[in-house]
Amino acid sequence: MKLKITPYPLAGRVQAVVSKSDVHRAMICAALADRETVLTTGASNRDIEATAECLRALGARLDSPDGRRWRIAPVTRPAETGTIDCGESGSTLRFLLPLIPALGLHRTVTGSGRLPQRPLSPLRELLEEHGALIGGETLPLELSGGLAPGRYSLPGNVSSQYVTGLLFALPLLPGESEIILTTPLESAGYVEMTLRTLRRFGIRISPAENGWRIPGGQRYRSPGGLSCEGDWSNAAFYLAAGALRSDGGPVTVGGLDPASPQGDRAIVGLLRRFGAAVEETAGGSVSVAPRPLRGIEIDASAIPDLVPILAVCGCAAEGETRIFNAARLRLKESDRLQTVSAAIRALGGHVDELPDGLVIRGGALSGGEVDCANDHRIVMSMAVAAMLCGGPVVLDGAEACRKSYPGFFDDYQSLGGIADVL
Ligand SMILES: O=C(O)C1=C[C@@H](OP(=O)(O)O)[C@@H](O)[C@H](O)C1
Ligand SMILES: C=C(OP(=O)(O)O)C(=O)O
């Protein structure tokens, strides 16, 4: 779908959508638990649907009678074989892969879009070392065998999703296991989210030197009901929009927990460092109003998903914005260092692509057509970048926002944005 955006300053209030990261974790724990769980999530998205479908294929029962809550009955007697389709969701794939051998199941695991190209080593090798049998070079993979408790050593800078996947599976094994990180952990907030959800389901995990110790033989215990939290990653698009034009804003996003373990909460401090006026209220709202912005240096190791929108902020800031420690961005739904650079250039901006980062020079944007590369975060960041353009912007492939935020353009229009299907 091609969408034409007519530049207009956004202002007003929207409610945060649910964090898909929080929902994936809660759904998986609920599917492993001792009794039914009701999750309150609000509206769903493609990635959440992918996890739900995969958990069904593992033998859990999930239904969402009102589209805002999920009733999840745990895996009881799973079928011997079957296929689990992770769609385009990297989290779903990396979180569920270790569970298949841990539960002693035989499954074909598949996925689409860029997922087959996204890395699975060293998770795959670790699982094979510990007894899993994995057939196929890339997706679809055939998994069987079992998983033995023990020492799981892996680097911390490829994807934190590997660590999360192991943290779900290892408590189910008959003996104690350890996860040892051989390099410092990036995206650490996501592992904090995992540990918090595991605690809510009664799973004990203790920190150890460079990793965690995981007692075996544990049972997931359902808390009965659980509410998933608002998404700082997607809120960041609209919070940034509040800062970008002197004749726009303020933009307020409600439903955000200031104490959330989500690393992307860092958007508040980053927008302040750019120079924006940011106000947080006790009720969980954040309001951002424009001020003159200046370029800053940003270490992206803990906040990979913020990079596309931070690059757009860089376009609106005076001077240079440098984003570093972002090599992992090449392994997402698109090679985001390349696709963000190409998109900003297509709109007339100035950006240099480095092996592990971006340098953006602020200045006026003209407008133009952007290939969104089937990447939701490119769609949403460039819809916001359109506010900075002198002429219209055409987003080619705007439907990719369904991966995490299907209502993105409804909210865009409620803030005054002008988006027309071509
Ligand atoms: O655990 C999660 O929910 C996620 C972890 C991050 O990935 P990496 O750890 O691979 O950076 C992030 O980019 C992704 O959108 C969601
Ligand atoms: C990288 C992302 O998700 P995933 O890895 O789950 O596909 C994302 O949402 O930006």
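Select D305 first: apart from residues up to four places away in sequence, D305 touches S233, D264 and R377, where two residues are in contact if their C-beta atoms, placed from the backbone, lie within 7 Å. This is a predicted model, in which local features need pLDDT of at least 70, side-chain atom pairs count only at pLDDT 80 or more, and totals for chains, interfaces and linings use all residues. Residues are numbered from 1 along each chain as its sequence is written, while chains are lettered from A and ligands numbered from 1 in the order in which they are written.

Remain at D305 and display its surroundings. D305 counts as buried because it has 24 C-beta neighbours inside 10 Å; a residue is buried if 20 or more other C-beta atoms lie within 10 Å of its own, exposed if 12 or fewer, and partly exposed in between. D305 is placed in the loop between strand 18 (297-299) and helix 10 (307-316). Helices (H or I, at least four residues) and strands (E, at least two) are DSSP runs, numbered from the N terminus. An unreviewed UniProt entry lists D305 under "active site", although such annotations may be inferred rather than shown by experiment.

Next, select ligand 2. Its surrounding residues are D47, S89, G90, S91, D305, K332, E333, R377 and S404, a residue being near a molecule if its C-beta atom, placed from the backbone, lies within 6 Å of it. This shell contains no nonpolar, four polar and five charged residues; Asp, Glu, Lys and Arg count as charged, Ala, Val, Leu, Ile, Met, Phe, Trp, Tyr, Cys and Pro as nonpolar, and the others, Gly among them, as polar.

Now colour domain 1 (2-17 + 230-421) and domain 2 (20-227). Ligand 2 lies between them, because both domains give residues to its shell. The domain bounds come from an automatic or database domain assignment.

Proceed to helix 12 (residues 376-385). Because 10 of its 10 residues are buried, helix 12 is largely enclosed by the rest of the structure. Among these buried residues are H376, R377 and I378; R377 also belongs to the shell of ligand 2.

Then select helix 6 (residues 160-169), which is mostly covered, with 10 of its 10 residues buried. They include Y162, L166 and F168.

Finally, show the whole protein chain. Its secondary structure comprises 13 helices and 24 strands, and buried residues account for 54% of its 422 residues. Its C-alpha atoms fill a box of roughly 60 × 45 × 40 Å along the principal axes.
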